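I opened the notebook with the cores, the chain contact and the charged pairs in mind. These entries follow the order in which I looked things up.

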Amino acid sequence: MLAPPTGPLDESALAAWGRALGAALPRPAVVALSGPLGAGKTTLARAIATGAGVPDARDVTSPTYAIVHEHAAPGGLAHVDLYRLADAGAVLAAGWDGVLERNALVLVEWPERAEALLPRPYVQIRLDYPAPPVADPTLRCLFVEVRR
Amino acid sequence: MTGPAWPGRTLALDGAGAHITVARFDDGQLAAAAVAERGQGPGAGAAEALPAIVRSVLGGDGRLDRVIVGAGPGSFTGLRAAGALAKGMAHALDVPLLEVPSLALAAAGAAMRGEVPPTGRVLVLLDALRGEWFRQEVALVDGDVVEVSAVRRVGWPPEWAGPVVGGPEAPARPEARHAERCRAVAREVALREWAPDYGRQAEAEVQWLARQAAGTGAGA
């Protein structure tokens, strides 16, 4: 898999890394994107979608009220946001099993809501603001691991 | 399949179930789809967010050749939000609006997932609240819906010996992504007159009338 970044990234570097990841990921793959509000999860999801072949990744948006968006891409790509769901039961009721069956690449924001449902191995990416003394609010740190 | 696919770009919406679902088909092939929260009450649900969700599913230049809408019965809130948007889009874009039975969408999905046989008659049940169920028989051939019965509201348990979709343990899931499977029972409707089949009064109205009857309502 693509090597994780070695230091904080600005938005364009984050997008470039995301695009490279989207192209390099094996299929099928599940990518869990966590981090505080505004950390850049949707920006990264959009970049991964671009790299994975979604024709117009502007359609990959922060899905307020939407739980699942499925986009045309080779093998299918689903963008799932669990922010507003209470628990794993609500995720299953939204058709989680079908999402995994239909899509070779599944991007999950707020995976903490249903971590037990994520098929292992999956790629966990946590975005965060850099720790002091780095004070630039436009930079983001990425912590990447494969959870088995 | 039952005849040729819908040509061009087709948008489908349904709000009868626990979620509002949206799908786009390009020459009959599913191109994009979304599942959105239904919410309850003004300001608390998908009615406000649905246009943006539909926009992202439409993609491209937003051109459409027809709009398909789940006709119900089911969730008052979901059917109203999805129905209003579908009708408004058909009006604005000057394209046909076709309705499909929402319970037929659920049957087609269950057949696709292998939960019921792809050919034969199934009974679809959707919670109508207050101990009642919407009941519709659906005939399937190779996963396509070819015929539906009239919808009735019945108690529990329903009288039926064959395969069942939905019920208390596994709620039926009408999903717009199965609209292509329901072409044989789709019906073009008159835009001015069309409204979803809510199947029952809105729950808020039921509760309001009950309060009035009990003499505890506002103004009583």
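This is a predicted model: local features need pLDDT of at least 70, side-chain atom pairs count only at pLDDT 80 or more; totals for chains, interfaces and linings use all residues.

**Entry: a charged pair in chain B.** I looked up Arg187(B) and Glu99(B). Their side chains meet in a salt bridge, 2.6 Å from N to O. Arg187(B) sits in strand β11 and Glu99(B) in strand β5, so the pair ties together parts 88 residues apart in sequence.

Entry: Next I checked Glu175(B), which forms a salt bridge with Arg113(B), the closest N and O atoms being 3.4 Å apart. Glu175(B) is in the loop between β10 and β11, and Arg113(B) in the loop between α3 and β6, so this pair links parts 62 residues apart in sequence. I have Glu175(B) as buried at 7% and Arg113(B) as partly exposed at 31%. Shared partners join Arg113(B), Glu115(B), Arg173(B) and Glu175(B) into one salt-bridge network.

**Entry: between the chains.** I found 17 residues of chain A in contact with 18 residues of chain B. The area buried between them is about 1500 Å², with carbon and sulfur atoms giving 49%. How many salt bridges are there between chain A and chain B? The count is one. Arg177(B) pairs with Glu70(A), the closest N and O atoms being 2.8 Å apart.

**Entry: cores.** The largest nonpolar core has 33 residues, and Val122(B), Val124(B), Val145(B), Val165(B) and Cys182(B) have the most contacts inside it. Strands β2, β5, β6 and β7 and helix α3 of chain B each supply at least two of its residues. The largest share, eight residues, comes from α3(B). Apart from this core lies another, of 28 residues, including Leu11(B), Val22(B), Ala82(B) and Trp194(B).

**Entry: cysteines.** Cys182(B) is buried, with a relative accessible area of 0%. Beyond its neighbours within four places in sequence, I see Cys182(B) in contact with Val100(B), Ala104(B), Leu105(B), Ala108(B) and Val145(B). I count zero disulfides over all chains.

**Entry: helix α2 of chain B.** This helix has 18 residues and reaches 25 Å between its first and last C-alpha, close to the 26 Å expected. Its buried residues include Leu79(B), Lys87(B) and Met89(B). Just after α2(B), I noted a positive phi of about 55 degrees at Asp94(B).

Conventions
Residues are numbered from 1 along each chain as its sequence is written. Chains are lettered from A and ligands numbered from 1 in the order in which they are written. Side-chain values use heavy atoms; hydrogens and water are left out. A nonpolar core is a set of buried Ala, Val, Leu, Ile, Met, Phe, Trp, Tyr and Cys residues joined through side-chain atoms within 4.5 Å. Buried means under 20% relative accessible area, exposed over 50%, partly exposed in between (1.4 Å probe, protein chains only). Helices (H or I, at least four residues) and strands (E, at least two) are DSSP runs, numbered from the N terminus. Contact means heavy atoms within 4.5 Å. The expected span of a helix is 1.5 Å times one less than its number of residues. A disulfide is a pair of cysteine sulfur atoms within 2.5 Å. Buried area is the accessible area (1.4 Å probe) that two parts lose on being put together, summed over both. A salt bridge is a side-chain nitrogen of Lys or Arg within 4 Å of a carboxyl oxygen of Asp or Glu.
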